[in-house]
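This briefing accompanies the structure shown below. Please read the topics in order, with the model open alongside.

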Amino acid sequence: MDLFTEGDPIADTKAPEGPVETRWDRRRFEAKLVNPANRRKLTVIVVGTGLAGGSAAATLAEQGYRVRSYCYQDSPRRAHSIAAQGGINAAKNYRNDGDSVHRLFYDTVKGGDFRSRESNVHRLAEVSVNIIDQCVAQGVPFAREYGGLLDTRSFGGAQVQRTFYARGQTGQQLLLGAYQALERQIGLGNVEMNARHEMLELVVVDGRARGIVVRDMVTGEISTELADAVVLASGGYGNVFYLSTNAKGCNVTATWRAHRKGAYFANPCYTQIHPTCIPVSGDHQSKLTLMSESLRNDGRVWVPKAEGDDRAPRDIPEGERDYYLERIYPSFGNLVPRDIASRAAKNVCDSGRGVGPTKLGVYLDFADAIDRLGRKAIEAKYGNLFEMYERITGEDPYQVPMRIYPAVHYTMGGLWVDYDLQSTIPGLFVIGEANFSDHGANRLGASALMQGLADGYFVLPSTIAHYLASGPLEKVDASHPAAVEARADVEDRIRRLLAVNGDRTVDSFHRELGQIMWEHCGMERSEAGLRKAIDEIRALREEFWKRVRVPGDGEGLNQSLEKAGRVADFFELAELMCVDALHREESCGGHFRAEHQTPDGEAQRDDDRFAYVAAWEYTGTGEPVVLHKEDLKFEYVHPTQRSYK
Amino acid sequence: MNLTLRIWRQRGPEDKGRMVTYQVDDVSPDMSFLEMLDVLNERLILSGEEPVAFDHDCREGICGMCGLMINGDAHGPQRGTTACQLHMRQFSDGDTIDIEPWRARAFPVIKDLVVDRGAFDKIIAAGGYITAPTGSAPEAHSTPVAKANADAAFTSAACIGCGACVAACPNGSGMLFTAAKLTQLSLLPQGQPERYTRVVGMVDAHDEAGFGGCTNAGECTVVCPKGIPLNTIGRLNRDYLAATAKGGGTPGS
């Protein structure tokens with residue numbers, strides 16, 4: 001294939017040897033430490049203030065480092081982690097239902113369809129229990145039982161109740177806990193917070209990440225910020241699809257700029273399409289809204305058995321309904337993992353049995369649960385979600401079943417990191433959704449919050465110390481040629497975006513790019529479709545640089561300019577996603593290749609050829625990328641075909 | 001639907017600002033309010049004008065970034081709803097809609113409908129937390145919390161920091177925001193050790209940031225998209241009195 005070449009494999013992930021349950025302890029013991037007096041002399045830049053970035057910045061500052069934190073929102077409290085609804089997993093086994101660190105580890109490796117790194121996942125499961133302790137101590141108002149102890153519930157892909165939650169606003173409450181810890185450090189003068197600042201370039205000096213170039217989104221001022229290490233916690237890239245459940249501002253620019261400077265990008269094609277979102281209502285649609293997966297605990301998913309059955313849902317008798325998840329997957333039923341639930345919804349809609357005005361929808365029906373538990377109990381559990389549904393659709397889900405359809409929600413891929421969460425650029429650490437590390441080809445519900453906080457509170461603060469202890473690094477200032485060049489690149493790019501002055505808006509390009517990606521690199525991919533997508537993306541990218549219109553100037557608040565920079569990077573990422581999806585000639589988790597399925601339509605992995613992480617090296621826009629393989633070894637969880645039947 | 005919009009346009013913090021009238025046609029009742037503004041902005045860009053700047057991010061009512069005065073109501077006519085979750089089916093064909101930024105001394109306008117709410121962060125930094133450095137936490141079940149208290153703490157914790165309470169208040173007071181955080185933390189056993197230093201620190205920061213005082217007008221709780229109850233301010237006052245009457249700010253709890 002002319003799209004990529006193969007380079008050296010990645011030989012060392014820096015994971016310690018030995019029994020998997022001892023590796024994290026050993027790593028922490030072997031890691032070098034930084035004397036508290038020396039920490040004050042070390043500066044760490046943290047980009048992003050979500051669960052990963054907020055918790056990391058707060059923790060590093062508590063430990064005595066000088067921290068500079070950046071976010072594009074007007075306050076660190078608004079990072080998109082706030083929108084996570086359902087919950088956070090932890091292997092506390094408070095239910096005495098057979099849970100354990102090993103079971104959470106096992107479920108996560110299996111749920112990721114055997115495409116994640118065992119060492120990392122085990123560490124995640126170990127640390128999960130500390131997260132709950134930490135958050136409770138901060139005053140996070142988790143749901144509780146009448147005896148005053150914490151309540152838990154079950155979530156997709158698991159048969160134990162290990163998900164802690166705060167109504168439908170778990171992400172918000174966990175984020176506010178981290179945000180408040182961060183604000184405390186800001187108040188103490190240990191963190192310099194820079195809200196409404198966007199990272200536009202990474203500064204690499206002598207092969208090490210030493211800073212970033214940022215734009216003050218209020219004044220337009222470009223500045224170079226230097227430090228001893230840089231942490232990217234800038235989230236995922238789901239907005240490459242234009243329509244997703246991500247916040248409108250979520251973007252790939254921070255990680256993509258780092259990729260262009262030498263950080264490998266791993267498994268970009270692994271995207272999570274969430275099964276329970278409110279269907280698209282028209283061309284004006286600007287984003288999609290998730291209905292928490294927790295709804296699948298009590299809601300039953302169905303479509304009419306007959307094609308083209310246009311009766312109102314309540315007029316369709318029980319015998320003429322197909323509860324297809326319960327039928328196909330009797331043991332997990334409505335709680336199958338997300339990738340499986342999404343594809344099943346697509347299949348029934350493709351077979352002409354979809355519901356609603358667009359026929360791209362399935363019912364999520366609470367009638368049985370309301371009969372069984374009473375309306376009050378359902379209100380207590382899901383009241384805010386039902387209200388949100390009604391506000392958006394104008395329909396009352398207590399009376400008529402919800403209509404749902406899959407939507408882009410999360411990206412498992414991200415910058416490649418080793419066991420220490422360090423990228424291929426020394427001194428550049430990547431945490432949370434921005435890295436690729438723990439979820440393999442499919443993330444289980446309630447595991448994103450767990451990973452973000454594990455990385456930020458517990459993993460990064462240990463591993464970054466080991467790096468910083470290897471210093472001191474040579475002092476650099478903004479006059480260093482590498483810093484000057486990075487800054488000039490940023491200024492040049494802004495000038496070029498403003499200079500095109502064409503006849504199409506940024507949004508019109510973004511929408512079109514999103515359609516290409518959803519069509520060809522969404523829930524189902526094929527070789528022909530992906531090749532077509534690559535051609536279309538290239539053509540559209542060229543057109544963008546000839547026809548985009550960015551009004552105003554770079555001096556001051558200019559939201560069109562912000563969007564234009566992000567969309568320009570999405571074009572480049574989109575191509576890499578398609579190349580990755582094309583090269584992976586198997587189906588696994590969220591990556592489903594039409595050519596590779598079992599006779600009953602399930603994902604067919606090819607472990608002989610593809611049990612590896614695909615880490616891509618950038619060589620120039622439009623140039624063939626270089627593939628570096630990190631082989632995955634499974635010593636504890638033996639790869640099998642996932643079965644949720 | 002065809003609508004007339006009268007929108008506050010202000011080039012920057014120093015500009016005087018003015019209302020400008022725009023016509024928007026073919027609005028679908030299924031659009032959100034912000035999607036309707038997107039339609040206007042697409043048109044403005046193509047006709048060579050600057051689009052209307054407004055803050056928004058999650059568009060699902062939880063990040064707290066959006067905030068518009070719509071016909072004089074913070075977040076518009078629908079109770080318990082942020083501007084991003086407001087849908088055009090709440091309006092009628094032919095309506096004229098006034099759209100303005102939050103107006104409060106503590107929230108200066110940056111551009112058009114975008115304001116600076118950094119003062120809220122300063123209130124939190126002055127005590128809106130429980131000191132629990134990472135790693136120091138005891139086992140989560142070592143301290144049970146009565147369900148009623150946990151639920152009431154949650155109700156207050158639901159605040160999204162959007163600032164509607166301030167915009168609606170005749171005094172530009174940020175008391176509901178401050179009281180929501182104080183109530184959450186003071187209802188939990190973990191929050192007791194700092195309870196009285198917290199209330200003094202946060203109220204002082206609130207006053208220093210230029211917010212007005214609370215006179216129990218109650219407008220705040222009416223417009224609050226998350227239904228933060230007014231009685232949180234009563235709790236704030238009680239704790240503030242307890243803290244200051246005893247002089248040192250740190251009576252035993």
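Helices (H or I, at least four residues) and strands (E, at least two) are DSSP runs, numbered from the N terminus. By this convention, B:Gly227 is found in the loop between helix H7 (219-223) and helix H8 (231-245) of chain B. The model is predicted, and local features need pLDDT of at least 70, side-chain atom pairs count only at pLDDT 80 or more, while totals for chains, interfaces and linings use all residues. Residues are numbered from 1 along each chain as its sequence is written, and chains are lettered from A and ligands numbered from 1 in the order in which they are written.

**The two chains**

- Chain A has 17 helices and 21 strands, and its C-alpha trace spans about 75 × 60 × 50 Å along its principal axes.
- A residue is called buried if 20 or more other C-beta atoms lie within 10 Å of its own, exposed if 12 or fewer, and partly exposed in between, with the C-beta atoms placed from the backbone; of the 645 residues of chain A, 61% count as buried.
- Two residues are in contact if their C-beta atoms, placed from the backbone, lie within 7 Å; among the contacts in chain A with a separation of 6 or more, 74% are between residues 24 or more positions apart.
- Chain B comes to 8 helices and 7 strands, and its C-alpha trace spans about 65 × 40 × 35 Å along the principal axes.
- Of the 253 residues of chain B, 52% count as buried, and residues 24 or more positions apart account for 72% of the contacts in chain B with a separation of 6 or more.

**Domains of chain A**

- Chain A is divided into domain 1 (274-409) and domain 2 (481-611), with bounds that come from an automatic or database domain assignment.
- The centres of domain 1 and domain 2 of chain A, taken over C-alpha atoms, are separated by 30 Å, and the contact takes 6 residues from domain 1 of chain A and 6 residues from domain 2 of chain A.
- On the side of domain 1 of chain A that touches domain 2 of chain A, helix H9 (residues 338-353) of chain A gives the most, with 5 residues.

**Contact between chains A and B**

- The contact between the chains takes 61 residues from chain A and 65 residues from chain B.
- Several helices of chain A each supply at least two residues of the side that touches chain B, including helix H3 (51-63), helix H5 (118-138) and helix H6 (170-187), and H6(A) gives the most, with 9 residues.
- The residues of this side of chain A divide into 20 nonpolar, 26 polar and 15 charged, where Ala, Val, Leu, Ile, Met, Phe, Trp, Tyr, Cys and Pro count as nonpolar, Asp, Glu, Lys and Arg as charged, and the others, Gly among them, as polar.

**Sheets**

- Two strands are said to pair if DSSP finds at least two bridges between them; in chain A, an open sheet of 3 strands has the order S8-S9-S10, with antiparallel pairing.
- The edge strands of this sheet are strand S8 (197-205) and strand S10 (222-226) of chain A, each of which pairs on one side only.
- Strand S9 (residues 208-216) of chain A pairs with S10(A) in the antiparallel sense over 5 bridges, and A:Val214 has A:Ser223 in S10(A) as its bridge partner.
- Helix H13 (residues 481-500) of chain A lies across S8, S9 and S10 of chain A and runs at about 145° to S8(A); axes are lines fitted to C-alpha atoms, for helices over the stretch in contact, and angles run from 0 to 180 degrees between N-to-C directions.
- In chain B, an open sheet of 5 strands has the order S2-S1-S5-S3-S4, with mixed pairing, and its edge strands are strand S2 (18-24) and strand S4 (73-74) of chain B.
- Strand S3 (residues 69-70) of chain B and S4(B) run antiparallel and are joined by 2 bridges, with B:Met69 opposite B:Ala74 in S4(B).

**Loop residues and backbone geometry**

- B:Gly227 counts as exposed because it has 12 C-beta neighbours inside 10 Å.
- Most residues other than glycine have a negative phi, and most peptide bonds are trans.
- A:Leu421, in the loop between strand S18 (414-415) and strand S19 (428-430) of chain A, has a positive phi of about 65° although it is not a glycine, and A:Leu421 is buried, with 25 other C-beta atoms within 10 Å.
- A:Ala446, in the loop between S19 and H12 of chain A, has a positive phi of about 70° and is buried, with 28 other C-beta atoms within 10 Å.
- A cis peptide bond with omega of about 0° joins A:Gly471 and A:Pro472, and A:Pro472 is found in the loop between helix H12 (448-468) and H13 of chain A.
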